[in-house]
Amino acid sequence: MDGAELTGKKVLITGASGFTGRHAVAYFRTAGAVVTAVVRRVGVHSFGDGVAVHVCDLNDKKQVRHLIDEVKPDYALHLAGKNSVPDSWSDPLLVLETNVMAVLYLLDALRSCPAARTVIVGSRLKYTPEPGRHPQPPHPYSLSKALEEMVSLSWMSLFGQQIMLAEPGNLIGAGPSTGICSLLARHVVACEQEGKTEPFRLSGRDNTRDFLDVRDAVRAYATLLVQGTSGTVYPVVSGKERSLGEIADTLLTMTEAKVPVRWDGASSGPDGAGEQEEMSLLRKLGWQPLIPFAQSLQDILSDVRTQQGRSTG
């Protein structure tokens, strides 16, 4: 997809001030779409000229309905939600309300725009029940994402809406991420600028995960909005497992500072996110990752250096 299909189209993006949301707004704006950035609080982030910013509590049904009636989007990308496993233990009802009811309020409001196409961004940490066994989700967050998927697919079936689901792997890149690559990059910069000597603690060097640049993920979401098949769950992954050792080694080649790292725990093996069968769903639509892994890490490090320089300047 070259992005021409988005020119002049009204694209609504929830969770616009978050890590992925900021990249999504920038991408769709550059593609010529008429972008509406939905945020919970005003002033969290500046999106620049040409982006309409709407403050909306997605847990408020009336606010959501007013938002959709005003924007009447051609496409909706739902990125908002609670994404913290620890937070799901401390306030499980809030996580369930935010991740499940907010989706229902959004999809129900979008019934007034029958031609609208919607991508709901879920999680590969969702709970998958085993037939014949009592539900045993590992944490409330996992349960919330499973229910989010269930209600989204049910709404599609009940009301004929065009709804695609995306399940991203570990997204990396510049911006306010709490992922392992960003955390380690902040440690590197702290060693460079503050002479930090406390080691950064990581689990086993051989632990592997699938890492994908957030900009590639946003392109995948755009592809799904335009070309995705309603009712399909699309894994959004790079297809290549990388170890924590590789991440650390690569980042440490990008600095001259002495960066202490401590390895704790045993290896847990791959997370299974890069299976070729799963990857083929998006590949069939013409999408593939474009940004090299080392470039993603360099961009993270450069961004952290810039942000730290501003905070101490």
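Q: Which residue of S9 stands opposite isoleucine 172?
A: Isoleucine 172 stands opposite aspartate 213 in S9. Before going further, please note that this is a predicted model, in which local features need pLDDT of at least 70 and side-chain atom pairs count only at pLDDT 80 or more, while totals for chains, interfaces and linings use all residues. Residues are numbered from 1 along each chain as its sequence is written, and side-chain values use heavy atoms, with hydrogens and water left out.

Q: OK, and how many bridges join S7 to S9?
A: Three bridges join strand S7 (residues 170-172) to S9, and the two run parallel. Strands here are DSSP E runs of at least two residues, helices are H or I runs of at least four, and both are numbered from the N terminus; two strands count as paired if DSSP finds at least two bridges between them.

Q: What sense does the pairing of S9 and S11 have?
A: S9 pairs with S11 in the antiparallel sense, over three bridges. Within that pairing, aspartate 210 has glutamate 241 of S11 as its bridge partner, and threonine 208 has serine 243 of S11.

Q: So what is the strand order of that sheet?
A: The order is S7-S9-S11, in an open sheet of three strands with mixed pairing. S7 and S11 stand at the edges with a single partner strand each, so one side of each has no neighbour in the sheet. Neighbouring strands of this sheet are turned by 55° against each other on average, direction ignored; for such angles, axes are lines fitted to C-alpha atoms (for helices over the stretch in contact), and values run from 0 to 180 degrees between N-to-C directions.

Q: Is S9 largely enclosed or open?
A: Strand S9 (residues 208-213) is largely enclosed by the rest of the structure, because five of its six residues are buried, where buried means under 20% relative accessible area, exposed over 50% and partly exposed in between (1.4 Å probe, protein chains only).

Q: Which strands does H7 lie across?
A: H7 lies across S7 and S9, running at about 70° to S9. Helix H8 (residues 244-252) also packs on the sheet, where it touches S9 and S11, and its direction makes about 65° with that of S11. Contact means heavy atoms within 4.5 Å.

Q: How do the axes of H1 and H7 cross?
A: The axes of helix H1 (residues 19-30) and helix H7 (residues 214-227) come within 9 Å and cross at roughly 60°. The two helices are therefore oblique to each other, since angles under 35 degrees count as roughly parallel, over 145 as roughly antiparallel, 65 to 115 as roughly perpendicular and the rest as oblique. Among the residues that meet there are Phe19, His23 and Tyr27 in H1, with Val218, Tyr221 and Leu225 in H7.

Q: Back to the loops: where does serine 238 lie?
A: Serine 238 lies in the loop between S10 and strand S11 (241-243), and at 17% relative accessibility it counts as buried. Its side chain reaches the backbone oxygen of phenylalanine 211 at 3.2 Å and the backbone nitrogen of lysine 240 at 3.1 Å. Leaving aside neighbours within four places in sequence, serine 238 is in contact with residues including Met279, Arg283 and Pro289.

Q: Changing topic, what is the strand order in the sheet of seven?
A: It is S3-S2-S1-S4-S5-S6-S10, an open sheet with parallel pairing. Strand S3 (51-55) and strand S10 (233-236) are the edge strands, each pairing on one side only. Neighbouring strands of this sheet are turned by 20° against each other on average, direction ignored. Helix H5 (residues 140-159) lies across strand S5 (117-121), S6 and S10, at about 160° to S6.

Q: And glutamate 167, buried or exposed?
A: Glutamate 167, which sits in strand S6 (residues 162-168), counts as buried at 8% relative accessibility. Its side chain makes a polar contact with the side chain of lysine 126 (2.7 Å). A polar contact is a pair of N or O atoms within 3.5 Å; within protein, one must be able to donate a hydrogen and the other to accept it, and residues adjacent in sequence count only if both atoms are side-chain atoms.

Q: Last one: what phi does lysine 72 have?
A: Lysine 72 has a positive phi of about 50°, although it is not a glycine. Most residues other than glycine have a negative phi. Lysine 72 lies in the loop between helix H2 (61-71) and S4 and is partly exposed, with a relative accessible area of 48%.
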